[in-house]
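Hi everyone, thanks for making time for this. I'd like to talk through one bit of a protein structure with you, so please have a look at the picture first.

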Amino acid sequence: MTTVAIIFGILFVLLCLRLSLVVRYDAAGFLVQARIGPARVTVYPTREKSEAQKEKDKAKKAERKRKKQEQKEKEKDKPVEKGGSVEKLKAGLSIVGPILRQVRRRLVIRELRLHYTAAMPDAAMTALAYGGAHAAVGTLLPMIRHNFTVKKQDIQIHADFERTENLVVLRAQVSISIWGALCLGLFAVWKVLQSGLLTKKKVKAS
């Protein structure tokens, strides 16, 4: 009984862990990290490749290019392909909305930070860039907050009439629990099966 309780306890803890994606941009460039609980994996930039790996990648690229060219030559002699079913297209589009609503419910923006400094070659251009940035933020931010839960927000827009180059610091972290991701995946599979997209029969969009 104790062993079963321990297993269920471990499963519960794992399902409560959150999957996170962190995107950061500043003077150092882009950084993309994936996080699962305390573990972090840098997605971009990747580690510097060895010369041997670079040569392998170059050879693979050349091979893909050759095969792509051969495919193009073959396609020239192919008859015109038949169009797909309009009903299936409609059915496919009909499941997009429900899935996106589930994404909005389960995905959390844990941090949204944007520091923008408008700095152009002359004062008039700087003022225009500053006003444009305010207008863009004023339009996009309410849409984001309406569709997603935003835990932490830090938006700052400044104008610098001494610099001549715009500066941006961006950091965004989105997360979803493992349980939420599992439910989302199952929901998406269920909607696809329900729509009949994987069958050869005629379907009707719901």
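**Two helices side by side**

Okay, so let's start with a pair: helix 4 and helix 6 pack at an angle of about 175°, and their axes are 10 Å apart. Keep in mind that this is a predicted model. Angles over 145 degrees count as roughly antiparallel, and therefore that's what we call helix 4 and helix 6.

Who's touching whom? On the helix 4 side, the contact is made by Pro 98, Ile 99, Gln 102, Val 103 and Arg 106. Helix 6 brings in Gly 180, Cys 183, Leu 184, Phe 187, Ala 188 and Lys 191. Sort that contact by class and you get seven nonpolar, two polar and two charged residues.

Now let's stay with helix 6. It runs over residues 178–195, so to speak 18 residues in total, and reaches 26 Å from first C-alpha to last, close to the 26 Å expected at 1.5 Å a residue.

Which residues of helix 6 are buried? They are Gly 180, Cys 183, Leu 184, Phe 187, Lys 191 and Ser 195. Looking down the axis of helix 6, these buried residues fall within an arc of 100°, so they line one face of the helix. Here's the general idea: an α-helix has 3.6 residues a turn, so residues three or four places apart point the same way.

And what covers that buried set? The cover includes helix 3 (86–94), helix 4 (96–106) and strand 7 (167–177). On the other side of helix 6, Leu 186 and Leu 193 are exposed.

Terms used:
Residues numbered from 1 in each chain as written. Predicted model: local features only at pLDDT ≥ 70, side-chain atom pairs only at ≥ 80, totals over all residues. Heavy atoms only, no water. Helix = DSSP H or I, 4+ residues; strand = E, 2+ residues; numbered from the N terminus. Expected span 1.5 Å × (residues − 1). Buried < 20%, exposed > 50% of the residue type's maximum accessible area, 1.4 Å probe, protein only. Arc of directions from axis to C-beta. Contact = heavy atoms within 4.5 Å. Axes fitted to C-alpha atoms, helices over the stretch in contact; angles between N-to-C directions. Parallel < 35°, antiparallel > 145°, perpendicular 65-115°, else oblique. Nonpolar A, V, L, I, M, F, W, Y, C, P; charged D, E, K, R; others polar.
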